[in-house]
Amino acid sequence: MKSFNLKKLLLSSTVTIGVFLPSNIVCKPLINPKFNAINQNSQKSFISKAVEKTGSSVVTIDTQRYVRTRQFPRNSQLFLDPYFERFFGLDLPKDNQPKIEQSQGSGFIFADGLVMTNAHVVNGSDKVIVGLTNGKKFHGQLIGQDFFTDIAVLKIEGKGPWPKAQLGDSTKIQVGDWAIAVGNPFGLENTVTLGIISNLKRNVTQLGIYDKKLELIQTDAAINPGNSGGPLLNSNGEVIGINTLIRSGPGAGLSFAIPINKAKEIASQLINNGKVIHPMIGISLIDEGDFETNNNAVKVGYVVPNSPAEKSGIMVNDLIIQVGNKKIETASDVIREISKNGINKQINILLKRRNKFIKLKVIPTDITNLNKK
């Protein structure tokens with residue numbers, strides 16, 4: 001055998017080593033497919049993971065409302081119905097023909113076949129269609145709606161199983177947390193926007209809305225027309241709110257959502273009772289701040305005639321100092337304490353009128369009874 005110089009071989013710039021393997025050995029890739037999948041998954045953003053977790057539970061809600069207008073002279077004795085028109089072959093002007101108003105919103109499945117959305121999405125609808133992300137569409141039956149909190153519950157008329165969203169705890173969110181809005185704006189399914197929680201417990205009266213009873217989550221995640229009723233998610237993909245409104249015009253870019261804990265409470269009452277009880281005493285409230293003393297005061301702005309408040313002796317411009325055992329700092333404190341007290345049960349209220357303190361006993365009633373004589 002011919003000898004060779006080992007030192008020369010090791011110092012050479014390239015060395016080629018041949019390896020001979022038995023023919024029955026099969027070569028496999030060094031990268032484990034399972035490891036590769038895990039590695040790819042770890043590269044997903046928390047946004048895509050959150051949407052992947054909850055996205056299939058988000059639904060499109062298409063509504064139809066039939067509108068029929070009549071434009072007969074006031075002294076006309078002719079009242080037509082569809083059967084009468086078809087029988088005589090009458091051809092009414094186009095303006096008098098039945099019209100269908102269509103609109104669209106969002107919602108999410110939160111229990112077996114049950115969808116949560118905004119009341120304003122389905123209010124006054126004659127027909128509701130629920131569309132899933134897999135393309136299937138079902139009729140939706142309205143279980144109940146609550147105008148004062150803008151919550152509605154629908155039942156899907158079909159057979160499951162249904163993808164369900166995981167509900168979070170809105171009391172645990174903080175200003176600065178991530179917020180992911182999911183919905184179907186302009187009919188574009190599963191559109192996702194990202195922002196942060198900008199404010200908590202934003203009273204709707206601060207937004208110029210006086211016919212609702214809401215404290216909202218404020219976020220800068222974009223909510224567009226059609227997003228109403230869709231979920232607001234945290235970074236873990238849990239529903240923390242229901243997208244409900246946006247502020248347009250000056251100061252645009254602010255979006256608001258109903259906290260999920262409040263929504264769950266309202267939905268439970270709608271499912272079990274078909275309606276929601278809202279304890280009220282019949283007053284409007286004004287938050288006043290004293291910049292010199294840095295103190296807040298809550299003043300009575302209006303008293304509903306024949307209401308529990310009027311009957312107990314509460315007057316306009318009274319300052320509310322305490323409700324039950326709670327010292328009052330904001331109008332939200334008053335609303336919260338009266339709501340916790342319930343109806344037909346006495347609650348103590350401490351007022352300040354001019355320079356006098358006055359103690360009164362008031363029995364709240366349901367809001368639907370306030371305008372009754």
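This report walks through a predicted model of one protein, from its overall make-up to a few local details.

**The whole protein**

The secondary structure comes to eight helices and 20 strands. Of the 373 residues in the protein, 38% are buried.

Next, follow the chain through β4, β5 and β6. Strand β4 (residues 127-131) pairs with β5 (residues 137-146) in the antiparallel sense, and β5 also runs antiparallel to β6 (residues 151-157). The table sets out the two pairings.

| Strands | Bridges | Residues between strands | Residue with positive phi |
|---|---|---|---|
| β4 and β5 | three bridges | five residues | Gly 135, about 95° |
| β5 and β6 | seven bridges | four residues | Asp 150, near 60° |

Each pairing forms a hairpin. To find individual partners, look at Gly 131, which is bridged to Lys 137 in β5, and at His 139, whose bridge partner in β6 is Glu 157.

Helix α3 covers residues 46-54, and its buried residues are Ala 50, Val 51 and Thr 54. These three lie on the same side of α3, because they cover an arc of only 95° around the axis.

Helix α8 (residues 331-341) has its own set of buried residues: Ala 331, Ser 332, Asp 333, Val 334, Glu 337, Ile 338 and Asn 341. Just after α8 comes Gly 342, with a positive phi of about 85°.

**A buried glycine in a loop**

Where does Gly 282 lie? Its place is the loop between β13 (279-280) and β14 (283-290). Gly 282 has a relative accessible area of 5%, so it counts as buried. Beyond its neighbours within four places in sequence, Gly 282 is in contact with Tyr 302, Val 303, Val 304, Ser 307, Ala 309 and Leu 370. Take Val 304: 22 residues separate it from Gly 282 in sequence, yet the two are 5.1 Å apart in space, C-alpha to C-alpha.

Trp 178 belongs to strand β7 (residues 178-183) and is partly exposed, at 43% relative accessible area.

Definitions and conventions
Residues are numbered from 1 along each chain as its sequence is written. This is a predicted model: local features need pLDDT of at least 70, side-chain atom pairs count only at pLDDT 80 or more; totals for chains, interfaces and linings use all residues. Side-chain values use heavy atoms; hydrogens and water are left out. Buried means under 20% relative accessible area, exposed over 50%, partly exposed in between (1.4 Å probe, protein chains only). Helices (H or I, at least four residues) and strands (E, at least two) are DSSP runs, numbered from the N terminus. The arc is that of the directions from the helix axis to the C-beta atoms. Contact means heavy atoms within 4.5 Å. Two strands pair if DSSP finds at least two bridges between them.
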